[in-house]
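Please work through each task before reading its solution.

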Amino acid sequence: MHEYKIFLKEKKQIDELMEQGCQIVSVKENLNGAFVQFRPIDEEALDQVNTLRLLTPDSRKYFTNQLRLKRQVKN
Amino acid sequence: MADLSINFAGIKSMNPFWLASGPPTNSGYQVQRAFEAGWGGAVWKTLGDPIVNVTSRFSALHYNGQRVAGFNNIELITDRPLDVNLREIAETKKKFPKQVIIASLMVEPVQEKWHEIVKKVEDVGVDGLELNFGCPHGMAERGMGSASGQVPELVEKQTSWAKEAAETPVIVKLTPNITDITATAYAASQGGADAISLINTINSLMGIDLDTWNTIPNVAGKGTHGGYCGPAVKPIALSMVGECARQTDSNIPISGIGGIGTWRDAAEFMLMGATGLQVCTAAMHHGFRIVEDMIDGLNNYLDEKGLASVMDLVGRSVPKYRDWGDLDLNHRVVARINQDQCIHCNKCHIACEDGAHQCIEMYTDKNGKPALKVREEDCVGCNLCSIVCPVDGAIDMIEKPGEEPMTWNERQALLNTL
């Protein structure tokens with residue numbers, strides 16, 4: 001099993017959305033994993049919501065660390 | 001040389017090593033031999049209405065060559081009249097005035113009975129009292145021992161009755177046969193206890209004879225559950241001591257009991273919050289003179305650590321013992337196999353494949369020899385490979401740099417802000 005490869009794929013998806021100017025607006029965690037909702041900061045594109053289903057524990061850590069980082073930068 | 005003396009709830013002892021209430025403290029002869037060997041104190045075998053015992057009484061778990069990894073007994077409290085015990089306590093105290101004698105007590109949950117026995121034992125000069133609310137077998141069927149100790153209201157009430165009559169410190173001995181030992185620890189403190197001691201023995205059945213189908217031990221073909229103790233219970237006892245020590249609503253002194261047999265065990269219990277220590281199974285297995293090694297070892301350890309007093313150890317690890325939610329999710333360690341030390345037994349590979357996260361690969365090195373390596377990116381740092389490895393130093397757990405610390409509680413708090 002190479003779970004790390006799945007993590008790298010999920011990390012790339014998270015990074016791409018962040019680079020596109022999206023921010024995490026909602027997280028729902030249930031039996032099927034974490035469902036993380038991203039929305040652009042740009043007001044004109046507010047209706048463009050992307051939801052990632054994250055399967056790996058490393059991804060669940062990663063998006064939380066990214067969320068904290070963004071908050072720290074903001075403050 | 002460090003100072004090994006302790007002050008346990010007002011009881012001054014030359015060292016932290018006391019014999020626990022049990023077979024080794026059944027008589028003045030034994031306790032005096034123990035004091036000659038160097039024990040700082042002894043908790044006299046539980047006094048109460050004299051009982052009748054059965055034979056046989058003890059059994060042991062021998063595990064992979066280690067004799068007495070665990071020990072089980074179905075012996076009850078003292079089978080000798082109170083006045084005989086009291087006379088021997090007085091004689092012993094006279095011969096050994098500097099050593100501590102604690103009277104372990106067990107009577108029915110009746111106020112007058114507690115008053116009566118407390119006064120009688122204090123009259124012969126004991127240094128303190130230990131209320132036995134822990135014994136899991138025999139006496140529990142009569143409403144005493146752990147039957148009392150599993151009900152916080154009964155612990156509080158009986159402690160307060162003992163305190164009404166007591167002039168010496170009252171220690172409450174707790175049973176581990178309960179979901180949350182801090183509930184009874186709290187009840188004891190509410191009842192006015194000066195200290196708690198833990199753990200008493202754990203409900204157990206040592207085994208079944210596969211030829212006769214009798215229990216081990218058995219009494220004429222019938223058996224009953226007993227109290228489990230010895231090295232195997234140490235992790236359980238240490239955890240319960242830690243749980244009590246970290247309660248912020250009570251800083252009641254703790255006497256640690258459960259699998260203590262070496263100075264290392266002693267140091268661990270003190271670091272986890274025990275001011276005093278009690279030993280039984282190790283003394284039954286090896287004799288009273290094991291205390292010599294325990295005293296020497298603890299002394300040397302304190303010297304190595306530059307500590308002047310054994311009291312400086314007490315509770316130093318308690319702040320490090322936390323709820324799971326306070327642990328850092330971002331902390332990362334991975335396994336690394338030292339090729340120079342590896343004997344290629346493949347135990348780590350099999351353990352990782354079958355019991356962990358499938359990240360140890362077999363390969364052939366440049367010299368054509370079989371070798372093992374860890375795929376670090378997939379390693380979750382569970383430790384299993386280093387635990388099963390038969391060669392010390394062949395597998396190291398290496399710390400990897402990671403993100404800033406974040407606990408589960410902090411993570412959930414962050415997500416709740418969305």
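**Exercise 1.** Determine which helices are tied together by the salt bridge between B:E268 and B:K234.

*Solution.* Step 1: the side chains of B:E268 and B:K234 form a salt bridge, with an N to O distance of 3.0 Å; the term requires a side-chain nitrogen of Lys or Arg within 4 Å of a carboxyl oxygen of Asp or Glu. Step 2: B:E268 belongs to helix α8 of chain B and B:K234 to helix α7, so the pair ties together parts 34 residues apart in sequence. Helices here are DSSP runs (H or I, at least four residues), numbered from the N terminus.

This is a predicted model, in which local features need pLDDT of at least 70 and side-chain atom pairs pLDDT 80 or more, while totals for chains, interfaces and linings use all residues. Residues are numbered from 1 along each chain as its sequence is written, chains are lettered from A and ligands numbered from 1 in the order written, and side-chain values use heavy atoms, without hydrogens and water.

**Exercise 2.** Classify B:K234 and B:E268 as buried, partly exposed or exposed.

*Solution.* Step 1: buried means under 20% relative accessible area, exposed over 50%, and partly exposed in between (1.4 Å probe, protein chains only). Step 2: B:K234, at 15%, is buried, whereas B:E268, at 33%, is partly exposed.

Conventions: Helices (H or I, at least four residues) and strands (E, at least two) are DSSP runs, numbered from the N terminus.
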